[in-house]
Amino acid sequence: MTISVQQLSQGSSQGLKLAKVEFINSPLVISWYLLQHIQRWTRAIGIGIAILAVTFCCAVLPAKASDHQDTTFLATKLTAADLTDLYVFESPNNSSNVVLAMDFDPLIARGEIRPFDPAVLYQFKIDNTGDSVEDLVMQFQVEGRGSNQKVIVRGLGKPNAPGTISRLLPVRGRGSLDQPFKAGQATVFMGTRKDPFFFDLEQFFKVIPDRNYLLQPNPAPPFTVLTFRPPGEAKDFLDPFNVHSIVVELPKAAVGTGKIGVWMTTSIRTPRLRSGQFTQIERLAVPALNELYMDFKDHNVSNLQTPVADRENQSKAIRGFVQAIGRPQGIADAIISVAIPDVMQADLSKGSGTYFGTQLAQNFGGRRPKDDPIDVTTAVTFGSAVTGITQGTIPGLISDNVGPNNANFLTTFPYLGNPR
Amino acid sequence: MLQRSLRRRWVLLVIGLVVAISCCFAVGIGKTLSQPLSKPEIVFPDYQQRSQIIQSYEEQVHQSPDSFILLRLLAGQYLRRFREVGDVEDLLRAEQAARRSLTIHPRQGGATEMLLASALLSQHRFQEALQVVTEAPQITEVVLLRASILMELGDYETTEQLLTSATISSTESTGQSAIQARYLELTGHLNQARQLLDQRLQQMDSFYTTPAETLAWFHVRAGDLAFAAGDLNQSEWQYRQALIIFPDEVAAYTGLARLYSAQHRWQQALEMANQGSDRVPQVETLAYKADAQRALGDPKGAAATEALIEVVARLSQVQGIYDRALANYYSDHGIHLADALQIAQQEVALRDDIYAEDTLAWAAAANERWQDAQRAIQRATRYGTEDALLHFHHGVIAWHCNDLATALDHLQWALRLNPQFHHRYAAEARQLLAKLRGN
């Protein structure tokens with residue numbers, strides 16, 4: 001005995017066939033369906049192979065600036081943990097205070113509401129003994145989901161253990177997003193701000209296209225485009241975008257008395273850690289260090305380490321880059337001497353500062369929101385700034401010709417401008 | 001051959017080790033599989049702002065029409081909205097924006113090429129998509145996309161080679177996990193595929209800011225794999241979870257309609273099929289709807305639904321697209337059998353993957369071309385894919401070809417994988433097995 005496929009398919013609609021054909025052949029019905037369903041049906045094209053496309057829609061998020069969208073993991077999966085810029089500056093309104101600002105979660109479009117992720121632990125780490133190991137930390141998280149997210153502040157305090165595995169300190173304060181509040185001696189703001197960073201990113205990628213975070217390995221220079229755009233033509237790519245920020249103002253005395261080094265980290269819980277522990281997934285301090293000099297594949301290595309490891313790893317990358325562009329090693333030595341380890345240096349005993357001023361001008365140092373670290377970095381790397389070395393300069397790359405827009409900053413806390 | 005086999009084993013060993021190590025570290029993953037009904041984690045509904053974000057980018061592009069980065073960002077947003085809303089116009093917009101971006105600045109490191117390839121892929125323009133990623137810089141993500149396209153085209157050997165290199169270079173992306181899981185699934189390693197996907201989901205679920213549609217899609221995939229493994233409770237939970245996360249996830253409605261049909265929960269199957277087909281009238285979803293209507297004693301409703309399937313079929317043909325789901329529907333219901341065979345043959349010509357071969361086998365069987373059916377089903381099952389329906393098809397075809405041992409083997413395999421794999425065929429597999437054993 002055999003069973004045919006048709007027999008196996010008993011219950012099929014042979015009897016309906018005729019009615020169906022008649023139904024289908026009705027011009028009225030066809031028109032109705034064409035009107036009602038053609039667009040929806042055409043939508044179906046492709047959804048059938050959704051198995052593929054999702055991976056790549058979420059895998060592709062382009063553009064990176066100061067440290068915007070660092071590493072594939074951060075850019076494609078957890079932008080909430082993607083650190084962009086660190087600022088350390090003397091308070092404009094109280095000479096006894098220092099301000100720390102951390103920007104993360106870049107490229108927030110105008111009007112876009114982007115939430116904070118409760119899974120991420122944000123930390124300022126402060127070394128006040130000169131060994132690149134944190135002596136004090138200040139921790140931030142949000143709790144809750146939806147419109148009721150609140151900020152939790154822990155520290156300033158000694159870390160339970162320095163390094164890449166963190167434990168939470170006791171809670172020092174709580175507050176609302178987008179509103180300044182007090183947490184111990186600190187005034188805290190966590191919310192959305194206009195991205196204060198300014199840079200002609202578009203032209204930078206034309207100069208050095210292979211620093212684009214998705215292209216690896218990065219081929220070495222020479223560059224095919226050798227100039228930034230002139231003033232008036234240069235554009236601040238980040239001008240329309242907002243960013244998430246944490247800004248803290250606190251007494252200098254709570255942080256230290258002399259030179260300090262500051263960096264910031266993001267951490268998450270992972271299943272392999274014991275309860276209450278967070279593992280570091282990004283670290284950042286000096287702007288443009290990773291982007292200009294370091295191969296992308298090394299970014300994540302750097303992100304997962306402490307500043308103690310920077311001298312070996314990042315120095316090698318800087319020397320390699322300087323050699324590749326045909327400039328003397330004195331340039332690399334100068335960059336390494338001021339930028340490595342990757343911590344933002346500041347001298348709390350000094351009243352006012354300039355970018356890299358702790359190292360180069362014996363002033364407060366640090367970085368203010370209106371400082372132009374791109375121009376400083378390019379002027380040293382491609383020009384003769386700091387070193388006086390003129391051999392192999394590339395004049396068209398000394399400045400990106402984009403400066404700060406005063407409208408993007410506030411004179412009072414939290415100092416970073418209101419979002420677009 | 002030996003080299004290929006060794007390479008495959010090596011890939012599987014590496015993936016298996018990653019899975020095993022991760023599972024050792026993972027807390028409570030077994031619990032996730034066996035105790036599924038915990039309170040769902042909700043992600044931020046980012047899709048609600050998509051059109052506003054797109055409008056913002058469109059304005060920026062209008063102001064800076066030569067900005068290749070803004071065009072790239074805009075293309076990415078169009079693709080996201082396509083996945084969320086299903087409007088094919090967004091695919092065309094994404095394609096256009098990506099092409100403009102590449103025209104302005106051709107050296108973008110693969111990022112824009114991936115967007116362009118994704119837009120082409122979603123339009124079923126497989127070869128064009130493959131060409132784009134083949135010519136793009138071979139960064140890990142591009143290699144993975146290439147592997148994924150080749151998997152759809154049925155080139156599993158090259159897929160395996162690409163996954164080998166991708167495994168070496170990076171283990172961090174969710175996309176990589178999804179593609180590896182698909183490869184494992186297709187090549188007969190269903191449990192490893194499930195472990196890999198579940199492990200990745202556990203991490204994704206912990207982040208409130210994961211894009212909702214992306215997370216929902218991963219839950220759908222987990223639901224699909226659970227169904228294939230006969231873990232119906234887990235499958236239902238995963239589909240439901242997907243709908244909580246993203247209420248317009250059509251694939252979740254289709255998955256639930258399939259699941260409830262298999263369990264003869266017809267009213268629920270009808271509800272889910274209605275919800276899915278109201279959003280996007282896919283043949284597979286409509287087929288579940290028609291079956292449910294018929295089972296619930298609504299032949300007029302079933303006829304109307306089948307009429308809609310016919311309209312979809314006609315529109316397919318007008319656009320030169322051949323839908324394997326339609327061929328399967330015809331074969332399953334014993335209608336338009338010549339059309340079913342033609343569609344299946346077109347599918348194999350377009351992309352000769354496991355499921356195109358299965359479609360061809362079943363259509364050939366429906367047309368009583370048993371030798372053709374046997375050749376096709378042997379190709380469809382050559383990797384030991386753990387899909388009960390494939391093995392049921394193989395069992396039936398083998399039985400017709402008087403290869404009783406093979407028939408017995410595959411029918412048993414089908415029922416072992418999932419005793420409720422199909423609302424009708426599961427029972428028929430048992431009947432046929434009883435006959436075979438009686439012989």
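**Exercise 1.** In this predicted model, find the residue with which B:Arg324 forms a salt bridge, and say which helices the pair ties together.

*Solution.* Start with the closest N and O atoms: those of B:Arg324 and B:Glu347 are 2.5 Å apart. The cut-off for a salt bridge is 4 Å, so B:Arg324 and B:Glu347 make the pair we want. B:Arg324 sits in helix H18 of chain B and B:Glu347 in helix H19 of chain B, so the bridge ties together parts 23 residues apart in sequence.

**Exercise 2.** Decide whether B:Glu213 and B:Arg83 are buried or exposed.

*Solution.* Buried means under 20% relative accessible area. B:Glu213 has 4%, so it is buried. B:Arg83 comes out at 12%, so it counts as buried as well. These two form a salt bridge, their closest N and O atoms being 3.0 Å apart.

**Exercise 3.** Work out how helices H7 and H8 of chain B are oriented relative to each other.

*Solution.* Take the axes: they come within 9 Å and cross at roughly 155°. Angles over 145 degrees count as roughly antiparallel, so H7(B) is roughly antiparallel to H8(B). The crossing is left-handed. Then see what touches: the contact includes B:Phe126 and B:Leu130 from H7(B), and B:Leu145 and B:Ile149 from H8(B). Sorted by class, the contact has eight nonpolar, one polar and two charged residues.

Note on methods. Residues are numbered from 1 along each chain as its sequence is written. Chains are lettered from A and ligands numbered from 1 in the order in which they are written. This is a predicted model: local features need pLDDT of at least 70, side-chain atom pairs count only at pLDDT 80 or more; totals for chains, interfaces and linings use all residues. Side-chain values use heavy atoms; hydrogens and water are left out. Axes are lines fitted to C-alpha atoms, for helices over the stretch in contact, and angles run from 0 to 180 degrees between N-to-C directions. Helices (H or I, at least four residues) and strands (E, at least two) are DSSP runs, numbered from the N terminus. Angles under 35 degrees count as roughly parallel, over 145 as roughly antiparallel, 65 to 115 as roughly perpendicular and the rest as oblique. A crossing is left-handed if the near helix is turned anticlockwise from the far one by less than a right angle, and right-handed if clockwise. Contact means heavy atoms within 4.5 Å. Ala, Val, Leu, Ile, Met, Phe, Trp, Tyr, Cys and Pro count as nonpolar, Asp, Glu, Lys and Arg as charged, and the others, Gly among them, as polar. A salt bridge is a side-chain nitrogen of Lys or Arg within 4 Å of a carboxyl oxygen of Asp or Glu. Buried means under 20% relative accessible area, exposed over 50%, partly exposed in between (1.4 Å probe, protein chains only).
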